[in-house]
Amino acid sequence: MNTTRLRIIALALGVLALGCDPADRPAPVGPAAVSLMADAEASDAPIWSAWSTAVNLGPVINSSFNDNHPAISKDGLSLYITSGRPGGVNGVNALQAEEIWVSQRASRDAEWGPPVNLGPAINSVGSNTGSPTFTPDGHRMYFHSSRPGFCGLADLYVARRHDKRDDFGWGPAENLGCVVNGPAFDNGPTYFEDETTGITTLYFTSTRLGGPGDYDIYASTRVGDDGEFGPAVLVAELSAPGRDTRTAISRDGLEMFLSSDGTGRVGGIGSQDIWVSTRASTLDPWSTPVNLGATVNSTAFDGAPALSFDGTTLYFFSERAGGLGKRDLYVTTRQHINASASIR
């Protein structure tokens, strides 16, 4: 039985319970419904192969400058990157201010084209802009920027577009405001819509006071599309005494990939590695993050995971030897083992 049918059954049980006399109503109906939904998600959860050996994306994507913090569109045809290369709104870019660029391809089997700058609606002269993430409908992009005049040293922003396939149709960026943003660095947003609860969560990394490390993982939530994001709270399960930065979440909300100091957690390989945390349902806490291992991570700095919508492809940056610049973009893949989950 698939997840959708079990969720309908769970909701129906709740409705029937409300209509019964209290004396006849089974006390555990509410928790039982939640448990049933969690069991459904667990039974239909994908089973994956191991990640493949990471491969450099090559000289069309990468440059002799820092190329990092990628994001992949839902259809897999647009790869957004954060780069300090020249040629954007910062011109020759002597200070290597980071800007958001996009590379496109005609199909998932085609080669990536040269990255093109998103322009002044998104990028800012003299300030870093990067770490994009998209809403599932493709109409909004969240990112961070250190441009002056708002809440902190770096803030979270959102841009909107009418045509979800137009990579150059983004409207002017808007600051998310000082309820979400704080006086420190707020970077690397990750957007997640929970279909089970109707709650949207914006995960991000921050240097604000109150966490165990210099950068820690925080979450701000809202209910529905029209609500405002509330004050951010520390995600303690994902935060460690070292530096915890960019995150990427699976579409079912049961896997969280994150960059974290390799020396701050058990099983680290390099100065910063990519780790994964899981949970049984979106109502459960995250597990202790586990290192993705040496096929993905290196003894150098590896970070900023970006997961494809189908969960099979992970993009990230690395400072390992053999690249074109200090930071290059890499890709690793995995396969669905259980067919039912792959078509969900």
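Biologist: Is phenylalanine 143 buried or exposed?

Modeller: Buried means under 20% relative accessible area, exposed over 50%, and partly exposed in between, with a 1.4 Å probe and protein chains only. Phenylalanine 143 has a relative accessible area of 0%, so it is buried. A caution: this is a predicted model, where local features need pLDDT of at least 70, side-chain atom pairs count only at pLDDT 80 or more, and totals for chains, interfaces and linings use all residues. Residues are numbered from 1 along each chain as its sequence is written, and side-chain values use heavy atoms, without hydrogens and water.

Biologist: How many aromatic pairs are there?

Modeller: Rings of Phe, Tyr and Trp (its six-membered ring) pair if their centres lie within 6.5 Å; planes under 30 degrees apart are stacked, over 60 edge-to-face, the rest tilted. The count here is ten. In one, tyrosine 142 and phenylalanine 229 have ring centres 6.2 Å apart and planes at 85°, so they are edge-to-face. Both tyrosine 142 and phenylalanine 229 are buried. The rings of phenylalanine 143 and tyrosine 157 are stacked, because their planes stand at 15°, with centres 6.0 Å apart.

Biologist: Which strands form the open sheet?

Modeller: Strands (E, at least two residues) are DSSP runs, numbered from the N terminus. Two strands pair if DSSP finds at least two bridges between them. Here the order is S2-S3-S4-S5, with antiparallel pairing. Strands S2 (67-72) and S5 (116-117) are the edges: each pairs on one side only. Six bridges join S3 (residues 78-83) to S4 (residues 99-104). Isoleucine 81 has tryptophan 101 in S4 as its bridge partner.

Notes: Helices (H or I, at least four residues) and strands (E, at least two) are DSSP runs, numbered from the N terminus.
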